[in-house]
Amino acid sequence: METWRVGDVEITRVVDVVQPFPPTRLIPEATPDAIADLHGWLRPHFLDEDGNMRLSIHAFAIRSGDARILVDTCLGDKPRPLGLPGWQSSFLEDLAEIGFGREVVDRVLCTHLHFDHVGWNTVREDGAWVPTFPNARYLVGEKEWGFWEHEVDRYAPEAKHDSVLPIFEAGLADLVAMDHRVSDEVRLVPTPGHTPGHVSVRVESRGEQAIITGDLFHHPLQMAHPEWRDTADVDADLARETRLRFLERHADAPVLVLGTHFASPTAGRIVRDGAAWRFEV
Ligand SMILES: [Zn+2]
């Protein structure tokens, strides 16, 4: 498991699954010809030999002071679409190994409520879906929930019922603002577009800074082409605008960027590259 230190804060990546995924399934304009000139920096970490994205579904486990904060809960042990079937991963064992056992996680936060970010919110016990982390507060964006309350995830309509509603029913959900402060060192940053209430997560400690993207980017190739439409974005125009603003703000800055779906090494810096940007690891 990879760990990064940001001042006094420790962030560890805990993987659920890494999946090869054809770029055009998410980004229709990212054809083999159109991304050929990006191979120099996308390979070997982010594109495999067959030209597929290496799409990682992982959580970030953050220790900030006494708080144990889990960002995004991946797929879970549930049947799911997109060639991502019920996955018997060692996710919970891996979390326990780094001191994030089910009983001691205090905060669970989802950057948004798509199925691949809420899965381990719950586990099945005695035929019912129950909170995986019974002593945690689950932070749910008020705006995000306001959208999904009346919508279904078209990729996995059942996700709301097996992974989100049980948290509300157990009384563990706190609806929070898009700039909510989670701890002294961790706060949410609004990055809407992928979903209406989508947030990124900023970590600041002792003058050092990191930011967890969420699905503002699915893949580093979007830094070279932030204008390309991502079919999973709920509001494509707003998502494009948010990507551009994020790139402008973080390029050539001393900010460690942690990609929510970026395969290992996952973390790097955004650097300006002509009229666009690239990800330097
Ligand atoms: Zn996702």
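Colleague: Which residues is I167 in contact with, leaving aside its neighbours within four places in sequence?
Modeller: N121, P131, Y138, L172 and A173. Bear in mind that this is a predicted model.

Colleague: And where does I167 lie?
Modeller: In helix α6, which covers residues 159-169.

Colleague: Is I167 buried or exposed, and why?
Modeller: Buried. I167 has 25 C-beta neighbours inside 10 Å, and 20 or more is enough to count as buried.

Colleague: What separation do the C-alpha atoms of I167 and P81 have?
Modeller: 22 Å. Along the chain, these two residues are 86 apart.

Colleague: Let's look at β4. In which sense does β4 pair with β5, parallel or antiparallel?
Modeller: Parallel, over 3 bridges. β4 spans residues 67-71 and β5 spans residues 107-109. L70 stands opposite V108 in β5. I69 has R107 of β5 as its bridge partner.

Colleague: What about β3 and β4, parallel or antiparallel?
Modeller: Antiparallel, joined by 5 bridges. β3 takes in residues 53-64.

Colleague: What sits between β3 and β4?
Modeller: A turn. The two strands form a hairpin with 2 residues between them. G65 in that turn has a positive phi of about 60 degrees.

Colleague: Why is β4 described as largely enclosed by the rest of the structure?
Modeller: Because 4 of its 5 residues are buried.

Colleague: Now the sheet of 6 strands. What's the order?
Modeller: β10-β11-β12-β13-β14-β15. This sheet is open, with mixed pairing. Its edge strands are β10 (186-190) and β15 (276-280), and each pairs on one side only.

Colleague: And how far are neighbouring strands turned in that sheet?
Modeller: By 35 degrees against each other on average, direction ignored.

Colleague: Last one. How many bridges link β14 and β15, and in which sense do they pair, parallel or antiparallel?
Modeller: 5 bridges, in the antiparallel sense. β14 runs over residues 267-273. D273 stands opposite A276 in β15.

Technical notes
Residues numbered from 1 in each chain as written. Predicted model: local features only at pLDDT ≥ 70, side-chain atom pairs only at ≥ 80, totals over all residues. Pairing = 2+ DSSP bridges. Axes fitted to C-alpha atoms, helices over the stretch in contact; angles between N-to-C directions. Buried ≥ 20, exposed ≤ 12 C-beta atoms within 10 Å, placed from the backbone. Contact = placed C-beta atoms within 7 Å.
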